Amino acid sequence: VIQTAAARAESGLEAALKVGKQKYTILLVLTDGAVSDVSATAACIEQVHDMPLSIVIVGVGNADFSAMRFLDDLNKPGKRDIVQFVPFNQHCRDPTDLSSATLNEIPNQLVGYFQKKGISPNAAVKVKELDVAVEEEEEIDLRVSFNEDDIVVSGAGNVARGW
């Protein structure tokens, strides 16, 4: 999912720049459990750190979210911090607090990306509220199957096998 979001973010920015616009992508992950393979997820995040992408993970429920906190704190020298983890239960009683916690790092991540790439902001544009469009990407349904020799992950028309 992260690699797909990063590829879409990169192609979206390239298309926007060609017509004099800019685009930055935020991947919102809602989860009720911990990451099953922290090492692979961390490696994937490191691979996409240089894309026009921020990843916000919202943990819902009372699961052990220590792996999510690890991913949020994963900040190696020379690599952008693109992950923000928010424990929903700590902020669910106050919508303003939840919004603030969720969006807290996005401005710095966005500005940091564009500065690193030498992309200056476009001139300000006045927009009417009716002209603002919110795009929702389709949900990607992943299925995991296990057998003696293989683990098969399928969804969105793709199949990956491994062990």
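Hi everyone, let me start with a pair of charges: Asp 50 forms a salt bridge with Lys 116, and their closest N and O atoms are 3.9 Å apart. Asp 50 sits in the loop between α2 (38-47) and β2, while Lys 116 belongs to helix α6 (residues 106-116), so this pair ties together parts that are 66 residues apart in sequence. Please keep in mind that this is a predicted model.

Now, how many salt bridges does a search of the whole structure find? The answer is two. The other one also involves Asp 50, which forms a salt bridge with Lys 117, with the closest N and O atoms 3.0 Å apart. Lys 117 lies in the loop between α6 and β4 (143-146), so here the parts tied together are 67 residues apart in sequence. Through shared partners, Asp 50, Lys 116 and Lys 117 join into one network.

And how accessible are these residues? Asp 50 has 27% relative accessibility and counts as partly exposed. Lys 116, at 47%, is partly exposed, and Lys 117 is partly exposed at 38%.

Let's move on to the sheet. Three strands make an open sheet in the order β1-β2-β3, and the pairing is parallel. At the edges are β1 (25-31) and β3 (83-87), each pairing on one side only. On average, neighbouring strands in this sheet are turned by 15° against each other, ignoring direction.

If you follow β1, you'll find seven bridges, in the parallel sense, to strand β2 (residues 53-59). For Leu 30, the bridge partner in β2 is Val 58. Helix α1 (residues 2-18) packs on the sheet and touches β1 and β2. The direction of α1 makes about 145° with that of β2.

Methods:
Residues numbered from 1 in each chain as written. Predicted model: local features only at pLDDT ≥ 70, side-chain atom pairs only at ≥ 80, totals over all residues. Heavy atoms only, no water. Pairing = 2+ DSSP bridges. Helix = DSSP H or I, 4+ residues; strand = E, 2+ residues; numbered from the N terminus. Axes fitted to C-alpha atoms, helices over the stretch in contact; angles between N-to-C directions. Contact = heavy atoms within 4.5 Å. Salt bridge = Lys/Arg side-chain N within 4 Å of Asp/Glu carboxyl O. Buried < 20%, exposed > 50% of the residue type's maximum accessible area, 1.4 Å probe, protein only.
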